[in-house]
Amino acid sequence: MEGLPGVGGARIRDIRPWFYSPPSMPRPIQATIHTAALRHNLERVRAAAPGARVWAIVKANAYGHGIERAYEGLRGADGFALLDLGEAQRVRDLGWRGPILLLEGVFEPRDLEICSRLNLWHAVHDDAQIDWLATHKTHQPHRVFLKMNSGMNRLGFTPERFRAAYARLAALPQVDEISFMTHFSDADGDKGIAAQMAVFQRATDGLPGERSVCNSAATLRHGQQPDVRGDWVRPGIAAYGSSPDYPQHDAAHWGLRPTMTLQSKLIAVSAIPAGASIGYGSIFTADAPMRIGVVACGYADGYPRHAPTGTPVLVDGVRTRTLGRVSMDMLAVDITPAPDQPHWQPNFGSEVTLWGRASNGVVLPIDDVAAAAGTLGYELMCALAQRVPIHTE
């Protein structure tokens, strides 16, 4: 074996065989991003808001999907909307030459230089952003979206101050076209959008400029109304196959398809007697003999640690439940034979779908998993861990 350089020019024996082995098969967990589903969901949004242009929202790294992986499925949109300049640069690097909107606007004066260079549109929701524009030197006037706080009380000018902000922007040579936007707080619930919509319409009445008010829920529920859908809609979670008003309506009701599947395999199978407990804290105890499987997936992969016993999961395409506490790298599932599934006999290596589409076509909606864990599909998508390999199809 060839030696390696040592102290004083001497050669030492290559000791790598003692501690190094070639790469082996990876841990059997993988996320899949479904390009065709992204494309389909985008078309469903267009059908829900006929005539409106559509922003593809790719903030939070395209809701955990990865901007570069989601781009092909979303490039049929009329523009991309996101939060930071790094995301905007990535979209431009992919070859996009159309509109890009910074949903929170700029965070400091020098950001305007990058907006000029990348030709970015940006929201204006605070007096400081107008002040920065007033001192910004640019050869190309900026396209801005003036944001109103119509009742959500997060970002935007109040209705009483909105026209004054508009007048300031309209007087600046650094500003070209001014559009208007707001954000609904209750588009997914019983309170609805009527009150905020009325506030927005009164405050913008007679002002020239395009309008954008609809998030996913407002687009799907009210996009057929011309005065609501406006000129641009901003569907976020709907583009990624999750229902914005779950559980009132599920994704299938809106014709949405899952765009992310998280799958793994059983890495152990065992039988336990009545009275045996599973996992940390022994929070689940079997009341009868059971067959259980251990899945190579845990909270370090982005699966919610607080998901309780009973959280739905698919094993070989059959819906079953988790058991006990989720560990860092593993979780347990119930694979006890059932009378209605006489041929279901999962074993070591059986496919486990944590959310999304199983190989046999059965879908486990991410919203079902999120609801069991007391959270939202948004969080599960965005929480996918970096260590999980991602495949695009």
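Does Tyr-63 count as buried or exposed, and what is its relative accessibility?

Author: Tyr-63 counts as buried, because its relative accessibility is 6%. The cut-offs go like this: buried means under 20% relative accessible area, exposed means over 50%, and partly exposed is in between, using a 1.4 Å probe and protein chains only. Before we go on, keep in mind that this is a predicted model, where local features need pLDDT of at least 70 and side-chain atom pairs count only at pLDDT 80 or more, while totals for chains, interfaces and linings use all residues. Residues are numbered from 1 along each chain as its sequence is written, and side-chain values use heavy atoms, with hydrogens and water left out.

Back to our residue. Tyr-63 is found in helix H3, and its phi is near 50°, a positive value in a residue other than glycine. Helices (H or I, at least four residues) and strands (E, at least two) are DSSP runs, numbered from the N terminus. Helix H3 covers residues 59-63, and Asn-61 is found there too. Asn-61 also has a positive phi without being glycine, near 55°. Asn-61 counts as partly exposed, though, because its relative accessibility is 27%.

How about rings? There are twelve aromatic pairs in the structure. Rings of Phe, Tyr and Trp (its six-membered ring) pair if their centres lie within 6.5 Å; planes under 30 degrees apart are stacked, over 60 edge-to-face, and the rest tilted. One of the pairs is Trp-121 with Phe-145, which is stacked at 6.1 Å centre to centre and 20° between the planes. Trp-121 sits in strand E7 (residues 121-124) and Phe-145 in strand E8 (residues 142-147), so the pair ties together parts that are 24 residues apart in sequence. Both Trp-121 and Phe-145 are buried. Tyr-303 and Trp-355 make a stacked pair as well, because their ring centres are 6.4 Å apart and their planes are at 10°. Here Tyr-303 is in the loop between strand E15 (290-295) and strand E16 (312-315), and Trp-355 is in strand E19 (residues 351-357), so this pair links parts 52 residues apart in sequence. Tyr-303 is buried because its relative accessible area is 1%, and Trp-355 is buried because its relative accessibility is 0%.

Ring pairs join Trp-55, Trp-121, Phe-145 and Trp-232 into a cluster. The charged end of Arg-143 sits over the ring of Trp-121, 4.0 Å from its centre. For that label, NZ of Lys or CZ of Arg has to be within 6 Å of the ring centre and within 35 degrees of the ring normal.

One last stop is the peptide bond from Tyr-246 to Pro-247, which is cis, with omega near 10°. Pro-247 lies in the loop between strand E11 (232-233) and strand E12 (260-272).
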